[in-house]
Amino acid sequence: MLSTLHHPPRRLSRFFPANNKPRHFHTKPVLSSSQPVTDQSPSSTSPPESQILSIRHSLLSREVTATQLAETYLSRLKLAEPQLKSFIHVSNNVLKEAQSIDDKIKRNENVGPLAGVLVGVKDNICTVDMPSTAGSRVLENYRPPFDATAVKKVKEFDGIVVGKTNLDEFGMGSTTESSSFQVTANPWDISRVPGGSSGGSAAAVSARQCVVSLGSDTGGSVRQPASFCGVVGLKPTYGRVSRYGLIAYASSLDVIGCFGSSVADTGILLSAISGHDRLDATSSKQVRVLQISVSQEVPDFTSQLISAALLESKPLKGLKVGVIRETLENGVDSGVKSTVLGAVSHLEELGCTLSEVSLPSFSLGLPAYYILASSESSSNLSRYDGVRYGNQAAAEDLNALYGDSRAKGFGSEVKMRILMGTYALSAGYYDAYYKRAQQVRTLIQKSFKTALDENDILISPAAPSAAYKIGEKKNDPLAMYSGDIMTVNVNLAGLPALVLPCGFVEGGPIGLPVGLQMIGAAFDEGKLLKVGHIFEQTLQGCRFVPPLIADGIPQ
Amino acid sequence: MPTRYYYYDYDYNNRTRNCSTTTTRSSLEPPDVPRLAQTARISLTPHEVEEFAPKIRQVIDWFGQLQDVDLDSVDPALRADSETGYLREDIPKTFKNRESMIAAVPSYDEPYIKVPKVLNKE
């Protein structure tokens, strides 16, 4: 129930417009979707509001302290953890950091836009004061000597890092089942996977164990778990967010992405972590300003978020949306198809012009992705030799030290991908595999560019099914890889994509969420967030709060 | 000897696999898992070799579908962006948190990072 914002200081004006007009984010939906969806609870199904802005309002108006908020989240975290296992490590400093925010507020000092906001961080993102394992025994207890740039920025804006979330080892997987430590459960049905590889980050936000979280996306690892867990996930343009401190899996594909329970929160977190970083040579200096932004190079994404109450009918009139034909063909769950077609109707009601687009070479993206990803990972993971960091096996000679440390430290999926990558890069095979995969990447980039020249955004499901059962795909690599068909092409093209929950299919105690993927042109996150926010705020009859939450959403 | 490649489709509705095969003119040798493991410096157990080999072969066969695509006159793309030329000044900077880096070294004997003896490959 946020109304006016406290006047922010100038240095934070990149997040809040200088003119400080009161902004209302929570309103009643003004349009209804034609597709009937399951009403999830007897209470209201009003759209989600920004927890970050709501927390800020409550703190600055002294309604609640950061310590009280942190205690609420921590107790919910601890209550859910035995079932969910979202976290590999929980910080010991949460209450201390909350207290220092309360002290600042008491002294009427300025606090950052993420003040009091508990942030989960995927364990392949380096944090100097907590272990960073990448879900692997080879880095068990490893303490990095620096914070990742994205983490540094979260802390600079007074965010509280609540802990390190579980993942598939080194990001290789779609379920967290290949984590060396634990398997995370889906808050919608704890016998099902949360998705992966950022399964812990998605589950933690879904179960309200934290407000927002950071993940990484190499082939869909933010978007697919967002879909499976019924939360918002954003994959930024390659180069939008610094990769410094992200433990590398496939360097030409990896990005750090955001999770939130609303589009607004996801966008605010993205604003916080974006920007050129001299420590990452692939981070971009490009500015793509969609409306008048403040002085920083990164556009103020939140100024795009306009209240649903101020919207006229057809707020997205003139927006051209392309539905990717190849993503609604055979092999996609019928429940997912009909939910996404419901989202298409909703977009039409909002005024969009919808058309079907075909992306030639779409199906080649999957083998091309796996060739590139395993090849690059075989190179990136060669640094884990047991010599300078990580677990070291006892050995008589150097080769055995390498061989045994790596054999003991890596799990099976990681070993297999390294071996496949080694094969694809071997002399004589490079042209047949790696080079051809790079050529396919060119074709895919071109076909997206053509489609996005004619459309503002493209849409598809985020995954061909809803969350499946733990253990169902564990022993069948190709079956698991097939689930990435909707997401990998976006990484190959380096484009931004937003996934937001759009409906439900049957399964679990009260249904399983389904995510809609929206793909934009390079650096067009602002448009995605604007469209996503309007879609979310006008979606009737859906409440994406999993049954695991006993006490409801915090206010 | 022509090699067979499999097209693999997983149908979520029926939970079945549709495989079709096609032969190609390629003569790439199939993956030799023990040799790959040696190249990648991973000591696999015989059990692991037995477990991994068919899975790796299956995935690499699946990779083979790229052989049939006409890619003449298509440039390979290194990565997504096309921005180039971001260079910083060639001035070294000292990393401040040396103690933490050194603390992570498993076997350290100031100022040396220790490793066992190096043997020549047989």
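**Notebook: where chain A meets chain B**

I began with the contacts in this predicted model: 84 residues of chain A touch 63 residues of chain B.

Next I looked up the area. About 6300 Å² is buried between chain A and chain B, and carbon and sulfur atoms give 64% of that area. I noted that the size of an interface is often given as the accessible area lost when the parts come together.

Then I asked how many salt bridges the rule finds across the interface of chain A and chain B. I found one. In that salt bridge, Lys415(A) pairs with Glu48(B), and their closest N and O atoms are 2.7 Å apart. I also looked up polar contacts, and the count between chain A and chain B is 20 residue pairs.

Which helices of chain A each supply at least two residues to the side that touches chain B? I wrote down H9 (365-380), H10 (398-409), H11 (412-425), H12 (431-454), H13 (477-482) and H14 (488-493). H12(A) gives the most to this side of chain A, with 12 residues. Sorting the side of chain A that touches chain B by class, I got 42 nonpolar, 26 polar and 16 charged residues.

Leaving out residues up to four places away in sequence, Glu348(A) touches Lys314(A) and Leu354(A). I also checked Ile88(A): Glu348(A) and Ile88(A) are 260 residues apart in sequence and 43 Å apart in space, C-alpha to C-alpha.

Conventions: Residues numbered from 1 in each chain as written. Chains lettered and ligands numbered in written order. Predicted model: local features only at pLDDT ≥ 70, side-chain atom pairs only at ≥ 80, totals over all residues. Heavy atoms only, no water. Contact = heavy atoms within 4.5 Å. Buried area = accessible area lost by both parts, 1.4 Å probe. Salt bridge = Lys/Arg side-chain N within 4 Å of Asp/Glu carboxyl O. Polar contact = N/O pair within 3.5 Å; in protein donor to acceptor, adjacent residues only side chain to side chain. Helix = DSSP H or I, 4+ residues; strand = E, 2+ residues; numbered from the N terminus. Nonpolar A, V, L, I, M, F, W, Y, C, P; charged D, E, K, R; others polar.
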